[in-house]
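Trainee: I would like to learn how to read charged contacts and surface patches in a model of this kind. Could we go through them one at a time?

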Amino acid sequence: MSDDDEALIEAVAGAYRERGPRGEVRSHPAWHDLDAAGREAAWAAAAGSRAMEAALDPQGLSSTARAVLARIRRAG
Amino acid sequence: MADLDVHHPAIAAGDAHAFGRWVAAAEPELRVSLRSFAAVADCEAVLQEALLRVWQTAPRVEPDGRPNALLRFAVRVSRNLALSEARRFRTAALDEGAFERALDDVAAGDVPEGPDPLLRRAIEACRDELPEKPAAALAQRMGAGGAEPDELLAERLGMRLNTFLQNFTRARKLLAACLEGRGVALAAEWR
C-alpha cells in the first residue's frame with residue numbers, strides 16, 4: 001500500500017464530516033478516492049480508533065459520539 | 001449483557017446526557033452492523049446521520065417486550081441509510097446475511113457494557129510511550145472530538161496534511177504493537 005493510500009485511509013477513518021445544505025452528514029471526499037480494499041481498511045481503522053477513544057474518555061464517548069452530541073446540543 | 005432501553009424514556013424526553021450514555025454503548029454495535037457496507041458507503045457518515053435520526057425519532061419508537069428496541073431501530077435506520085448511499089453511489093452488491101446476524105445479536109441483548117478499565121490503563125501507558133509527533137497528532141484528533149477537519153488540526157501543529165495523517169497512522173500502529181506486547185488482543189484489521 002502506498003503512502004498516498006495510507007493517508008487517504010487515515011483521512012476517511014477520522015470522525016470529522018462536513019454537513020450538507022440541509023444539515024445532512026456528508027461522506028468524506030477521500031472515501032470516493034479509495035478502492036474497495038481501501039474503504040474496508042478505513043472502516044477497520046475507524047473501528048479501532050473509536051474503541052481506543054471511548055476507552056480513554058471518562059464518559060466512554062468516542063469522537064463519533066462527541067461529534068453527534070455536539071450537533072444535538074447546538075440544535076437544542 | 002445490557003439492555004440499553006433503560007435509557008430510552010429519558011432519551012425520548014429529550015435528555016442529551018442519557019442519549020450520550022446510550023450512544024457510548026450502542027456505537028460499537030452499530031458500527032459492526034455496518035461492516036458489510038464498508039466498501040459501498042462511508043460508514044462513518046452513515047453512522048453519524050443514523051444517530052442524529054435516532055435522537056429525533058426516539059419518542060416514537062415503541063418497546064416490543066424484547067431487549068434493545070431502540071438499538072434494533074437504530075440498526076435498521078443505519079442499514080437503510082447505507083443502502084440509500086450505496087444506490088446513490090451505484091456501488092457493489094451487499095452481504096445481507098451479515099446485517100441480519102448483527103440484528104439477531106442485538107435482539108438477543110448481546111451488548112457489552114462500557115469500556116474496560118484495564119484496557120484504558122494499557123492504552124494510556126502505551127500512549128505515553130509514543131514519540132512526540134505521533135503523540136501530538138493523536139492528541140489533536142482526540143481533542144477535536146470529530147468537530148474539526150484534519151486540515152485545521154495539521155495547521156495547528158505546523159504540519160502539512162499528509163504529514164499529519166502519516167503521524168496519526170504511525171501513532172495507531174505503535175499503539176497497536178504496544179498493546180499487543182502487553183497482551184491486549186486487538187482486531188486483526190487494526191494492526
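Trainee: In this predicted model, which residue forms a salt bridge with Asp150(B), and how far apart are the closest N and O atoms?

Mentor: The general idea is that side chains of opposite charge can pair when their charged atoms come close. Here Asp150(B) pairs with Arg141(B), and the closest N and O atoms of this salt bridge are 2.7 Å apart.

Trainee: Are Asp150(B) and Arg141(B) buried or exposed?

Mentor: To judge this, one compares the relative accessible area with a cut-off, since buried means under 20%. Asp150(B) counts as buried because its relative accessibility is 10%, and Arg141(B), at 8%, counts as buried too.

Trainee: Which residues are joined into one network by salt bridges that share partners?

Mentor: The network consists of Arg50(A), Glu53(A), Glu27(B), Arg31(B) and Glu44(B). Within this group, Glu44(B) forms a salt bridge with Arg50(A), with the closest N and O atoms 3.4 Å apart. This pair joins two chains, because Glu44(B) lies in helix H3 (residues 43-57) of chain B, whereas Arg50(A) lies in helix H2 (residues 36-56) of chain A. Both Glu44(B) and Arg50(A) are buried.

Trainee: What is the partner of Glu6(A), and where do the two residues lie?

Mentor: Glu6(A) forms a salt bridge with Lys173(B), the closest N and O atoms being 2.9 Å apart. This pair also crosses between chains, running from helix H1 of chain A, which holds Glu6(A), to helix H9 (residues 161-181) of chain B, which holds Lys173(B). Glu6(A) counts as partly exposed, with a relative accessibility of 24%, and Lys173(B) counts as partly exposed at 34%. Over all chains, a search of the whole structure finds 17 salt bridges.

Trainee: Which residues form the negative surface patch?

Mentor: For a patch, one looks for like charges among residues that have over 30% relative accessible area and no salt bridge. In this model the negative patch is formed by Asp3(A), Asp4(A), Asp5(A) and Asp35(A). Asp5(A) is placed in helix H1 (residues 3-13) of chain A, and because its relative accessible area is 34%, Asp5(A) is partly exposed.

Trainee: How many helices and strands does chain A have, and what scores does the model carry?

Mentor: Chain A has three helices and zero strands, and buried residues make up 58% of its 76 residues. As for confidence, the model scores ipTM 0.97 and pTM 0.90, while chain B averages a pLDDT of 88, with 83% of the residues scoring at least 70.

Terms used. Residues are numbered from 1 along each chain as its sequence is written. Chains are lettered from A and ligands numbered from 1 in the order in which they are written. This is a predicted model: local features need pLDDT of at least 70, side-chain atom pairs count only at pLDDT 80 or more; totals for chains, interfaces and linings use all residues. Side-chain values use heavy atoms; hydrogens and water are left out. Patches are made of residues with over 30% relative accessible area and no salt bridge: like charges are joined within 9 Å, nonpolar side chains (Val, Leu, Ile, Met, Phe, Trp, Tyr) within 5 Å. Accessible areas come from the Shrake-Rupley method with a 1.4 Å probe; for residues, only the protein chains shown count as cover. A salt bridge is a side-chain nitrogen of Lys or Arg within 4 Å of a carboxyl oxygen of Asp or Glu. Lys and Arg count as positive and Asp and Glu as negative; His and the chain ends are not counted. The place of a charge is taken as NZ of Lys, CZ of Arg, CG of Asp or CD of Glu. Helices (H or I, at least four residues) and strands (E, at least two) are DSSP runs, numbered from the N terminus. Buried means under 20% relative accessible area, exposed over 50%, partly exposed in between (1.4 Å probe, protein chains only). pLDDT is the predictor's confidence in each residue, from 0 to 100.
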